[in-house]
Number of protein chains: 2
Amino acid sequence: MKLEEAIKSTKFKSEVHKAVLHILYTAWWLKSVGAKELKEFGLTHEQYNVLRILKGKHPEQMCVRDIASRMIEKSSNVPRIIDRLELKKLVKRNTSTVDKRETVITITQGGIALLTASTLVMDEKMMKQFVLSEEEAVTLNILLEKIREIE
Amino acid sequence: MKLEEAIKSTKFKSEVHKAVLHILYTAWWLKSVGAKELKEFGLTHEQYNVLRILKGKHPEQMCVRDIASRMIEKSSNVPRIIDRLELKKLVKRNTSTVDKRETVITITQGGIALLTASTLVMDEKMMKQFVLSEEEAVTLNILLEKIREIE
DNA sequence: TTTGTATAAATGTATATACACGTATTTATT
DNA sequence: AATAAATACGTGTATATACATTTATACAAA
């Protein structure tokens, strides 16, 4: 579906203005397509993101701050996302012995299993379905980098 | 700042995979840059979006469903966004005389004034600052359209 | 008319976002 | 060592997201 149909809007002030709306709409679209798959595993997008970050360092532990710095949405409230993951026994919390201010988090075996299964589905149902080629993705990445360059 | 720095991640499964994360990150970045400006006017991104949609049809009224279909994030809870706009006297709610199930919304003079002022700032502080050219924006729009084309 | 079904909006609930603030702990400065 | 400043995390609040349910109304068929 074209952007114009999606948000029932035909006139944009400029192509740049349209691109801004387009990025916002596409992000929403990507999130909702992904969320549909993750729901099968009882995970939200943010919980999945935290699990992926933890798995990346596993078996090392990570402190909350360290996880937060790797989140896509920087204003994510990581302690609360961890609350929910802990309730489901997907991660474990401990106070750091080195710095008692820090809480260190570890992904559990259950967390790894759930992440592996959900990533398999996510890659199959999302990544592999895109018509976009690798070359086009390179261009897209360059342009997105550029929009964040501000005068 | 490069994406790699922003989310402290260097290896991506592919350029397409990176592009997906990049779109999500750029959308978050755009939203937070915009939100900072809107805060001066006591508006959230979503409230601003609803006001813009209403202004587009003004002086015609719009029903809730019609507004919802024009929202960028389709799962927005429009009645509740309108609740907040109504409290601030930026919009008015009425029951439709044609179909009593419908609630019709009108933007008030105060709403128009606030929207005009905030749009001026948004265009100045955001749109005009982008380094991206119109030609690059066209390419970006084509590529974003393409990523939503699924096999 | 009555019944059933569809539709529009509002409302409820869990989670997340955005941001301010509090508390404990560490590090730096005097 | 004592005090100040910075840091890490948790918590509180308003708003939003995502989705299910409820209520009122419209409309078509029995």
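Both A:Tyr25 and A:Trp28 are buried, where buried means under 20% relative accessible area, exposed over 50% and partly exposed in between (1.4 Å probe, protein chains only). The model is a predicted one, so local features need pLDDT of at least 70 and side-chain atom pairs count only at pLDDT 80 or more, while totals for chains, interfaces and linings use all residues. Residues are numbered from 1 along each chain as its sequence is written, chains are lettered from A and ligands numbered from 1 in the order in which they are written, and side-chain values use heavy atoms, with hydrogens and water left out.

Back to the aromatic residues. A pair of aromatic rings is described by the distance of the centres and the angle of the planes. Searching the whole structure turns up two aromatic pairs over all chains. In the pair formed by A:Tyr25 and A:Trp28, the ring centres sit 5.8 Å apart with the planes at 35°, so this pair is tilted. The cut-offs behind that word are these: rings of Phe, Tyr and Trp (its six-membered ring) pair if their centres lie within 6.5 Å, and planes under 30 degrees apart count as stacked, over 60 as edge-to-face and the rest as tilted. A:Tyr25 and A:Trp28 both belong to helix H2 (residues 15-39) of chain A, three residues apart, or about one turn of the helix. Helices (H or I, at least four residues) and strands (E, at least two) are DSSP runs, numbered from the N terminus.

Chain B has a tilted pair as well, made by B:Tyr25 and B:Trp28, at 5.8 Å centre to centre and 35° between the planes. These residues are three apart in helix H2 of chain B, so about one helical turn separates B:Tyr25 from B:Trp28. B:Tyr25 is buried at 6% relative accessibility, and B:Trp28 is buried too, with a relative accessible area of 17%.

How do the chains relate to each other? Chain B superposes on chain A by a rotation of 180° with 0.0 Å of shift along its axis (RMSD 0.0 Å). The two copies are thus related as by a two-fold rotation axis. The superposition is by least squares on the C-alpha atoms of residues with pLDDT of at least 70 in both copies. Of the interface residues of chain B, 100% are also interface residues in chain A, so the copies meet through the same surface.

B:Leu30, in helix H2 of chain B, counts as buried at 2% relative accessibility. Leaving aside neighbours within four places in sequence, B:Leu30 is in contact (heavy atoms within 4.5 Å) with A:Val20, A:Ile23, A:Leu24, B:Met126 and B:Phe130. B:Leu30 and B:Met126 are 96 residues apart in sequence, but 8.8 Å apart in space, C-alpha to C-alpha. A:Ser69, found in helix H4 of chain A, is buried at 19% relative accessibility. With neighbours up to four places away again set aside, A:Ser69 contacts A:Lys74, B:Ala6, B:Ile7 and B:Lys8. A:Thr119 sits in helix H6 (residues 109-125) of chain A, is buried at 15% relative accessibility, and touches A:Tyr48 and B:Lys13, not counting residues up to four places away in sequence.

By class, four nonpolar, seven polar and 13 charged residues make up the surface near DNA strand C; Ala, Val, Leu, Ile, Met, Phe, Trp, Tyr, Cys and Pro count as nonpolar, Asp, Glu, Lys and Arg as charged, and the others, Gly among them, as polar. Of the atoms of DNA strand C within 4 Å of the protein, 74% belong to sugar or phosphate and the rest to bases.

Sugar and phosphate account for 73% of the atoms of DNA strand D that come within 4 Å of the protein. A base oxygen of DNA strand D lies 3.0 Å from a polar side-chain atom of A:Arg101.

Notes:
Near = heavy atom within 4 Å. Polar contact = N/O pair within 3.5 Å; in protein donor to acceptor, adjacent residues only side chain to side chain.
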